[in-house]
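Subject: Structure handover

Hello,

Here is the structure I promised to pass on. Please open it alongside this note; what turned up follows below.

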Amino acid sequence: MSLLVALGTTLGFTVIDHWLLVGPRLARPDIWRFGLQLPLVLIMLVLTMPRLYLRWYQPAIQIAAPLFGVGTVLMAVEATPAQLPLVAARLLLAAFYFYFMLGLSFNAALRSNLLLIAAYAAAALAGAIAVPVATYSLFVLLCANFIGGAGCYALEYANRVAFLERRRLAEVATHDGLTGLLNRAALEEQARTLWQHAQIARLPVSVLLIDIDHFKAYNDRYGHQEGDRCLREVAAAIRGAARRRPLDVVARYGGEEIIAVLVDSTRADAAAAADGVRRAVSDLGIAHSASTTQPYVTVSIGVTTIEPGEHYSHERAVRLADVALYATKAHGRDGWSFQSPEDEATGTAAAGESEREQAALRGEAMDERQAAGLLKTAS
């Protein structure tokens, strides 16, 4: 809309110049009006189209704005002494337009106006503009820049503060206040987009459902404040171990349960992530004397992977991960189990960490091929 106003203003001055500013040198100002200013406005109007705007508008307007101002200066140079005060008054319109109407940042608008002032001063020094008129116009132009610049800066500052406040409100609305992870509602909203993206790109998606072992007993033994501290530290460890790609999401699912949705994650990737999460939490070494599993805080993890070509559903993946989580608890906790979609009907899950620990106790070193074979055997 601002550019449409600029187009109307440019054409309006064309009419009023030929109507009121009758003189011997109107032809040459028309060269700058129709050869420079009007094409610039039309080009910028084209660049407001949605498919061009985000990429091209800002770089182009930072070039077009000062060029438009230089065109106004060149028209003032071509004006007669009688016409000059009226033509020079347009510089004020250009100055305020740069500050408020074109979507320029304060720095870009100030830079455009400084170039405008420099071009007008250079024309005056070259003798193209009468010194008294040039001095008066430059003073008025400087005053206009002080006023417009202050207003533009205040407006930009207010917009930045409002933006940060909106972001802060969004953070509060979408993140759990205790752990800093996404909350359940935000997870459900983002999950739809993630699964749609994965389905279109035919990417596997893995889900890890993580539960802190004997957390109620921890709260009863150490108190709720220590329980909150424990939950924060465990959540941070899980986020650090599970998130490996930009699209990966870690959220607080409820109570002491945390969920990780890993896009473009194969079954082997999910197994590695589950193993990393379990070890990251164990490495915290948070004492838990009320636990019947270990003398420190541990987690149980349920894992599943939905491969391309299968029925894509966040709800289905969570259901499978939940079956695997109960299998882990049934195997003694402090580990992870994998629930394959193929075994959904039977409800059986492949235990992960228990077999790996037994192999370690026997002193068996497993390479990647052996680990893959173990998972296949277990399933």
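A helix here is a DSSP run of H or I at least four residues long, and helices are numbered from the N terminus. By that count, Phe96 sits in helix α5. Please keep in mind that this is a predicted model.

**The nonpolar patch**

Phe96 is partly exposed, because its relative accessibility is 32%. It belongs to a nonpolar surface patch of about 680 Å². Which helix gives the most? That is α7, with four residues.

**The largest pocket**

The largest pocket holds about 390 Å³ of space. It is lined by 23 residues, and those closest to its centre are Ala6, Thr9, Thr10, Phe68 and Ala94. Four helices each bring at least two residues to the lining: α1 (2-20), α2 (27-46), α3 (50-78) and α5 (90-100). So what is the lining made of: nonpolar, polar or charged residues? It divides into 17 nonpolar, four polar and two charged.

**Salt bridges**

Side chains of opposite charge can pair when their charged atoms come close. This structure holds 14 salt bridges.

Start with Arg252 and Asp176. Their closest N and O atoms are 3.2 Å apart. Arg252 lies in strand β2 (residues 249-254), while Asp176 is in the loop between α7 and α8 (184-201), so the pair ties together parts that are 76 residues apart in sequence. Are these two residues buried or exposed? Both Arg252 and Asp176 are buried.

Two other pairs each lie within one helix. Lys216 and Asp220 form a salt bridge at 3.2 Å, N to O. Both belong to helix α9 (residues 215-222) and are four residues apart, about one turn.

Glu233 pairs with Arg229, with the closest N and O atoms 2.7 Å apart. These two are four residues apart in helix α10 (residues 224-242), so about one helical turn separates them. Glu233 has a relative accessible area of 30%, which makes it partly exposed. Arg229 is also partly exposed, at 28%.

Finally, look for the network. Asp17, Asp30, Arg33 and Arg90 are linked there by salt bridges.

Best wishes

Key:
Residues numbered from 1 in each chain as written. Predicted model: local features only at pLDDT ≥ 70, side-chain atom pairs only at ≥ 80, totals over all residues. Heavy atoms only, no water. 1 Å grid on protein atoms, 1.4 Å probe; cavity = no way out; pocket = protein on both sides within 12 Å on 5 of 7 lines; lining within 4 Å. Points joined across faces, edges and corners; volume = space filled by probe spheres on them. Nonpolar A, V, L, I, M, F, W, Y, C, P; charged D, E, K, R; others polar. Patch = residues over 30% accessible without salt bridge, like charges linked within 9 Å, V, L, I, M, F, W, Y side chains within 5 Å. Areas by Shrake-Rupley, 256 points an atom, 1.4 Å probe, with all protein chains shown as cover. Salt bridge = Lys/Arg side-chain N within 4 Å of Asp/Glu carboxyl O. Buried < 20%, exposed > 50% of the residue type's maximum accessible area, 1.4 Å probe, protein only.
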